[in-house]
Each structure stands twice: as structure tokens, then as C-alpha cells.
Amino acid sequence: MTRERSRRWLRRRERNALMAAAVVTVLSLTAGGCVVVHGEREVLPAATPAEAAKALEQFTSAYNRADKAYDTSLDADYTTGPLGDIDAARLTAGHADNPGGNPEHAPLELSDAKYTIPKKAGWPRWFVADTKSNKSTSARWLLVFLRHDLDEPWQVAYLTLVEPSDVPQFKKDADGFAEAVPADSPDLAARPADLSKSYTDYLRSGGTSFADGTHTSVWRAQREKNAKKPGLVTQYIDEPATAGDYAPLALRTADGGALVFFASRHYRKQTAAAGATVPTPNRAVLALTKGEIKQSLLMEFVSNEVALDPKKGSGAGQVDVLGRVQGLTSAQGS
């Protein structure tokens, strides 16, 4: 079966599923004297487990082709949002250094996949794949697959690494499907819609909204230390990222809280004192740098995080950032 025929076949399957759900709605509502159906409002699983497994297979295959060739076009259809930015920049830098391809390519292998598929109405639809990877030792790879239409391929918007013991239990219905938490949900310590801004505010000013850890208190301490190096001033600017495919996505946990995936942007500017120079960046950074580095270098990073957002009123009420994957996306010398 060709790729296009396979896509048409999958689209027919999903349309049939939607039609079947609509028929069930009509039959149930007819008994009450109402036959108005709005299919886009029906709460349906985002995908079947088989479709989720196929999406993971397609992403892995595309990722490996792109990594081997250092060619952003080979997996552009399968990444989006923060991961899309990070991956495209990585491949661009790699191609600049090795235009013939990646001499150290080792295929990514994702195994032991566990799928958490929420039921929800409307678009976008999304699900989470919790996998083991040959690129890390113990950490699990959490990939969030997203799409806005039946005609689109599934794309990975978020990729974070989390220790197995930190992956929470999710609330699931009798059919094994999870619950998507609305971005404006008021029953959590922090609304998912506000989490990116709350996080960037915390990085700038501190506070008690987030639990101490590698991606919160430890990171802030590292940045403060780096800012005080003799002859070099390092400034940080942190900005939330919430539009489009950078929007937060949340799953209800068994304890009433939520596991939230969110994104942010971070800028780091290094400025050398008179008579000094900015440390020479590595080849990957230089490949993404515009302008000449004379006295300063401004670097932009995109980051995607995953956090446990507790139920409002429970415990200390602090958000716990479990994992963060960050990548340089551009730089400017001056």
C-alpha cells in the first residue's frame, strides 16, 4: 500500500469512527425527543492504540532519516511546536558542519511504549507515548503527539525525559482512556494556561510556586553563579510560549492533579568587559549565529517542560517540574 493510499485508508477509518459515534448520539438523544447532533462536540478518544503505535513508528523512522542526512525536510512533517524548533536547529547546525550527513549517526530506537490517550471534544487531538530509548540509560522519553485535522500526520510537539518513578498514574475510564484537563482548569495549584508565565516569572524572581529541584532552584543558582564571572556579564531573559502548538497540554492524574506539558523561551546574552572577549562558542553555536561576535553574543533557546500540577489545596501546593529538554535555536553576535 502506498503512503498516500495508507493515509486515505486511515482517514476513512477515523471518519467512520466519528460517524459511528454520531449515530450512537442520535440513537440516545432520540429517546429524549432530540435529534440535533454536533459531531465536533462529541467526546472521543484522540486515537486508537494501534494508531498511536503507528504514529510513533512513523516519527521514529522520519527522525532517523533526518538525523542520518542532517536534513530538516525529512522529518519536518512529524515535528512541531518546541520540539520542531529544537530539532530543526540541531539538524541545521549539523548540516553546516557536515553537509554530507551525520558521520556519528546511530538510529534512535524507542521501545516498551505505553500510550496514554485522552478523550476530548474538538481539535487539536493529542496523546502521550511513554517509551524507553536507546539514547538514555534509565529515563523514560515522554512524547506528545498532536494534530489539528484528520488529513494531517501526527506530529511530536513535546519531548521530555523523566525518571520512571516520576511518571504518575493517570485517571482512566472503564475503556482505558485518559482525561484531558482544560487549559483554564481552576481546580489545580496553577492553571495550565498560566504555567509557562509562572515558570518564567519564577526563574526571574524566585518564589514558592515551584518545588525545589534540578529545573527550578538548582537552575536559578547556576545562572546566578554564571552571571558573576570576572570580565564577562551574563544576562538572562525568560519569556512564556503559549500560542499555537506551544500551548500547554495536560492529563488528569489519579490523585486529581495533572501532568502538564508546556513551553518557554530563554535568552542568554554574554557581554565582555573592555579589553576582554566573549568565550569562543563551539561549532554548533557558530553554525546558528548571525553577525560577527565582537563583544557580545545573544543566544535564544526553546525549552519544553513537563510538570506535576497538584490538585488545589493538596500538600504544599507547589508545582514540581519533572523534566526539561532545551535547545539553542538561534544566536546573534555583535
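A pocket is an open set of grid points with protein on both sides within 12 Å along at least five of seven lines. The legends below describe close-up views of a predicted model.

**Figure 1. The largest pocket and the residues about its centre.** The largest pocket holds about 470 Å³ of space. Its lining is made up of 28 residues, and those closest to the centre are Tyr-63, Asp-67, Ile-86, Asp-87 and Arg-90. Two or more lining residues come from each of α2 (49-69), α3 (81-97), β6 (155-162), α6 (283-287) and β13 (320-333). Helix α3 gives the most to this lining, with eight residues. By residue class, the lining of the largest pocket comprises 17 nonpolar, four polar and seven charged residues.

**Figure 2. The salt bridge between Arg-90 and Asp-67.** Side chains of opposite charge can pair when their charged atoms come close. In this pair, the closest N and O atoms of Arg-90 and Asp-67 are 2.7 Å apart. Asp-67 counts as buried because its relative accessibility is 7%, under the 20% limit. Arg-90, at 30% relative accessibility, counts as partly exposed.

**Figure 3. The salt bridge between Arg-265 and Asp-85.** The closest N and O atoms of Arg-265 and Asp-85 are 3.9 Å apart. Distant parts of the chain are linked by this pair, with Arg-265 in strand β10 (residues 258-272) and Asp-85 in helix α3, 180 residues apart. Asp-85 has a relative accessibility of 24% and therefore counts as partly exposed.

**Figure 4. The salt bridge between Asp-238 and Arg-223.** Here the closest N and O atoms lie 2.7 Å apart. Asp-238 is found in strand β8 (residues 232-241) and Arg-223 in helix α5 (residues 217-226), so the pair ties together parts that are 15 residues apart in sequence. Asp-238 is buried, its relative accessible area being 3%. Arg-223 is likewise buried, with a relative accessible area of 8%.

**Figure 5. A network of salt bridges.** The view shows Lys-171, Glu-179, Asp-187 and Arg-252, which are linked in this network. The count for the model comes to 18 salt bridges.

Notes. Residues are numbered from 1 along each chain as its sequence is written. This is a predicted model: local features need pLDDT of at least 70, side-chain atom pairs count only at pLDDT 80 or more; totals for chains, interfaces and linings use all residues. Side-chain values use heavy atoms; hydrogens and water are left out. On a 1 Å grid over the protein atoms alone, a cavity is a set of points where a 1.4 Å probe fits but cannot get out, and a pocket is an open set with protein on both sides within 12 Å along at least five of seven lines; lining residues have an atom within 4 Å of a point. Grid points are joined across faces, edges and corners, and a volume is the space filled by probe spheres set on the points. Helices (H or I, at least four residues) and strands (E, at least two) are DSSP runs, numbered from the N terminus. Ala, Val, Leu, Ile, Met, Phe, Trp, Tyr, Cys and Pro count as nonpolar, Asp, Glu, Lys and Arg as charged, and the others, Gly among them, as polar. A salt bridge is a side-chain nitrogen of Lys or Arg within 4 Å of a carboxyl oxygen of Asp or Glu. Buried means under 20% relative accessible area, exposed over 50%, partly exposed in between (1.4 Å probe, protein chains only).
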